[in-house]
Amino acid sequence: MNTAPLPSTPHVVVVMGVAGTGKTTIGPLLAAELGVPYAEGDDFHPPANIAKMSAGTPLDDDDRRPWLDAIGAWAHGRAGRGGVVSSSALKRVYRDRLRAGAPDAVFLHLTGDRALIEERMADRTGHFMPTALLDSQFATLQPLQADEAGVSVDVSGTPEEITQRAVAALRRLDT
């Protein structure tokens, strides 16, 4: 893999997408490729959120606010130094809240076929997000808009292939 950093000041990249797109897999690979730290977005959830999702209950906006603020604070602390953090960031308002804390953050939206994502979710172990919540995730998803700094990358292929597509797409943001 190419380990050259992105040109200009390193970005904080928020790896976003519905559950099962590979945020936790691609995030660390991308961070390693860019030479910056990675933070797992799920680690910012308070215990009540994890309990709610483990029970198959989707989070509401009130549940998400402290989680988004904690991620935004981490990203703000990495401003100018770069970093990668995962967050579903499914709605524009969630991304706006993250940008309020970290205005220079860019988003990497991992996208893919629902059947592929469900298959990957079914294969993983030890995760609190059940496949039953996938429909609610897709219903909530608002893809990146033209005025949002970010790129979309398809999740078909190996993690390494996805990471290379992500690095190439992020480099294009700086040109």
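Helices here are DSSP runs of H or I with at least four residues, and strands are DSSP runs of E with at least two. On that basis the protein reads β-α-β-α-α-β-α-β-α-α-β-α along the sequence. The model is predicted. It holds seven helices and five strands. Of its 175 residues, 42% are buried. Take contacts between residues at least 6 apart in sequence: 75% of them join residues at least 24 apart.

**Helix H1 against helix H7**

- Two packed helices are described by the angle between their axes and the distance between the axes.
- H1 spans residues 23-34 and H7 spans residues 159-173. Their axes lie 9 Å apart, at an angle of about 55°.
- The pair is therefore oblique. The crossing is right-handed.
- From H1, the contact uses Thr25, Ile26, Leu29, Leu30, Glu33 and Leu34.
- From H7, it uses Pro159, Glu160, Ile162, Thr163, Gln164, Ala166, Val167 and Leu170.
- By class, this contact of H1 with H7 has nine nonpolar, three polar and two charged residues.

**Gly27, within H1**

- Gly27 sits in helix H1. Its relative accessibility is 0%, so Gly27 counts as buried.
- Leaving aside residues up to four places away in sequence, Gly27 touches Val15, Gly22, Tyr38 and Val84.
- Gly27 and Ala39 are 12 residues apart along the chain, and their C-alpha atoms are separated by 8.2 Å.

**Helix H3 against helix H4**

- H3 and H4 pack with their axes 8 Å apart and at an angle of about 35°. This crossing is right-handed.
- H3 supplies Asp61, Arg64, Arg65, Leu68, Asp69, Ile71, Gly72 and His76. H4 supplies Tyr94, Arg97, Leu98 and Gly101.
- By class, the contact of H3 with H4 has four nonpolar, three polar and five charged residues.

- An α-helix has 3.6 residues a turn, so residues three or four places apart point the same way.

- Ala89 lies in the loop between strand S3 (83-86) and H4.
- What is its phi? Ala89 has a positive phi of about 45°, although it is not a glycine.
- Most residues other than glycine have a negative phi.
- Ala89 is buried or exposed? With 0% relative accessibility, Ala89 counts as buried.

**Gln137, in H6**

- Gln137 is part of helix H6, which covers residues 134-140.
- Gln137 has a relative accessible area of 9%, and is buried. The cut-off for buried is under 20% relative accessible area.
- How far apart are Gln137 and Ala19 in space and in sequence? They are 7.1 Å apart, C-alpha to C-alpha, and 118 residues apart in sequence.

Key:
Residues numbered from 1 in each chain as written. Predicted model: local features only at pLDDT ≥ 70, side-chain atom pairs only at ≥ 80, totals over all residues. Heavy atoms only, no water. Axes fitted to C-alpha atoms, helices over the stretch in contact; angles between N-to-C directions. Parallel < 35°, antiparallel > 145°, perpendicular 65-115°, else oblique. Left-handed = near helix turned anticlockwise from the far one by under 90°. Contact = heavy atoms within 4.5 Å. Nonpolar A, V, L, I, M, F, W, Y, C, P; charged D, E, K, R; others polar. Buried < 20%, exposed > 50% of the residue type's maximum accessible area, 1.4 Å probe, protein only.
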